[in-house]
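Let's walk through this structure together, beginning at the ligand and then moving on to a helix.

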Amino acid sequence: MIIVTGSTGELGSRIVERLLERVPADRVGVSVRDPERAGGLAARGVRVRRGDFTDPESLATAFDGATQVLVVSTNTTGDAAVAQHVAAIDAARAVGAKRILYTSHQGAAEDSLFAPMPDHAATERHLAATGVPYTALRNGFYAATVRHLVGSALETGELVAPADGPVSWTAHADLAEAAAIVLAEEGRFDGATPPLTAPDALDLDDVARILTELGGRTVRRVVADDEDWRATLVGHGVPGDRSSMLLGMFRAARRGEFAATAPDLETLLGRPATPLRTLLEELVGGA
Ligand SMILES: NC(=O)c1ccc[n+]([C@@H]2O[C@H](COP(=O)([O-])OP(=O)(O)OC[C@H]3O[C@@H](n4cnc5c(N)ncnc54)[C@H](OP(=O)(O)O)[C@@H]3O)[C@@H](O)[C@H]2O)c1
């Protein structure tokens, strides 16, 4: 049985949908914090069990009988995130899973300027030390993030953000399909994958240019001072540590931490990856 965690989340729910196109439902299980939210999957024959990374006993039940477990990384950061991932990996090993998969990040690195990246690196280190065959899916930076970066630029005509750098923005849908393929074709990648990214790395100058082309009105890229930008966030109620984390994303991008691209995602999918332009078209269409 293939177990997928985080299946009530954005990525995990899409992974399960794509997996069910490839594997019979009775070979798929989900480990979720709130089984009621996965009632639709249960009705389709998927095994739904409660599994919370902060409650190891629940994971033993949720992962029971697993041949593969895909641990979708948690949406928290720091030591708490790593502890949750370690608990999930250890639970997968304890039930005898033959392969453990983990949604890592293209920028996973101990010395990254963006806080979640050292968490991914630490999780990958733990995975490698388990002795169980593993796959760390080094997912590209979610294109959905650009939605937040664009903010009110379509109304104001100004895309205001700190200095950035090229990022290989990648669609949730593509990453989910790739994960489902890797699960269904077990062993396709061993260890950390190459970056699973769309083929182009774009910066916010590019985003402003594309928005201008699509929207019929000029969107100007305005580079904000780092600390002014952070202070504005805090002024809008964003907690200080979160504002620092968000600034870290720009500093890391400036250093080129998310600029790598590779053909492997498109090779896995057997089709072109979704360009960022598609998401921007949706944004302009909905504005
Ligand atoms: N590649 C990137 O650029 C990028 C960007 C942002 C985040 N990420 C990572 O990718 C992950 C998946 O992305 P997403 O868009 O699907 O995020 P999401 O919708 O927030 O999903 C996160 C999932 O983690 C689950 N979770 C949280 N705490 C948990 C716990 N204690 N035990 C078990 N599961 C727990 C959540 O469960 P519930 O459904 O019960 O809430 C949710 O299903 C994120 O959590 C984050 O680690 C990657």
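Which backbone atom lies 2.8 Å from an oxygen atom of the ligand? A backbone N or O atom of Tyr142 does, and it makes a polar contact there (a pair of N or O atoms within 3.5 Å). The protein covers 83% of the 900 Å² of accessible area that the ligand has on its own, as computed by the Shrake-Rupley method with a 1.4 Å probe.

Before going on, please keep in mind that this is a predicted model, where local features need pLDDT of at least 70, side-chain atom pairs count only at pLDDT 80 or more, and totals for chains, interfaces and linings use all residues. Residues are numbered from 1 along each chain as its sequence is written, and side-chain values use heavy atoms, with hydrogens and water left out.

In total, 20 residues surround the ligand, each with a heavy atom within 4 Å of it. The closest are Thr8, Leu11, Ser73, Thr74 and His172.

Now turn to helix H5, residues 116–129 (a DSSP run of H or I, at least four residues, numbered from the N terminus). Its buried residues (under 20% relative accessible area, 1.4 Å probe, protein chains only) include Pro116, Met117, His120 and Leu127. Among the elements covering them are helix H4 (79–94) and helix H11 (240–254). Just after H5, Gly131 takes a positive phi of about 85°.

Key
Helix = DSSP H or I, 4+ residues; strand = E, 2+ residues; numbered from the N terminus. Expected span 1.5 Å × (residues − 1). Buried < 20%, exposed > 50% of the residue type's maximum accessible area, 1.4 Å probe, protein only. Contact = heavy atoms within 4.5 Å. Polar contact = N/O pair within 3.5 Å; in protein donor to acceptor, adjacent residues only side chain to side chain.
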